[in-house]
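Reader: I'm new to reading protein models. Could you walk me through this one?

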Amino acid sequence: DQSVSSNVTIESPGHLLARIRGAFPDLRWDSYEFIHQGFDHDVIILDGKIIFRFPRSEEYLERLPREIRALGQLRSIVATTIPHYTFFPSDYFFAGY
């Protein structure tokens, strides 16, 4: 990890992929895309279809479990497509859909 400031961390794609592999050892993929342009999350897209979001700060790390719950509740009441998080380790350090 390379710290940019006290509350923003940059991780390499290899480290993020290792975190996915460690949390979900049965998940397989052939390719990935790393997106680092976002303000608050790094993103790994596996095989063009499974999206993992990695919060870059403590603030967004704390928000992630609430986001997952809120999106789950919204999915049943809105007609638009909403991400359905199906991959999240027990510590909620990242999540995927």
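Reader: How much of the accessible surface belongs to carbon and sulfur atoms?
Author: This is a predicted model, where local features need pLDDT of at least 70, side-chain atom pairs count only at pLDDT 80 or more, and totals for chains, interfaces and linings use all residues. Residues are numbered from 1 along each chain as its sequence is written, and side-chain values use heavy atoms, leaving out hydrogens and water. The accessible surface (Shrake-Rupley method, 1.4 Å probe) comes to about 6200 Å². Carbon and sulfur atoms hold a share of 52%.

Reader: What pattern does the protein follow along the sequence?
Author: Count DSSP runs: helices are H or I with at least four residues, strands are E with at least two, numbered from the N terminus. That gives two helices and six strands. Read in order, they go β-β-α-β-β-β-α-β.

Reader: In S4, which residue is the bridge partner of tyrosine 32?
Author: Strands S3 (residues 32–35) and S4 (residues 41–46) run antiparallel, joined by four bridges; pairing takes at least two bridges found by DSSP. They form a hairpin with five residues between them. Tyrosine 32's partner there is leucine 46.

Reader: How many residues does the largest nonpolar core have?
Author: A nonpolar core is a set of buried (under 20% relative accessible area, 1.4 Å probe, protein chains only) Ala, Val, Leu, Ile, Met, Phe, Trp, Tyr and Cys residues joined through side-chain atoms within 4.5 Å. Those with the most contacts (heavy atoms within 4.5 Å) inside the largest core include Phe24, Leu46 and Phe54. Helix H1 (13–23), S4 and strand S5 (50–55) each supply at least two of its residues. The core's total is 13 residues.

Notes:
Buried means under 20% relative accessible area, exposed over 50%, partly exposed in between (1.4 Å probe, protein chains only).
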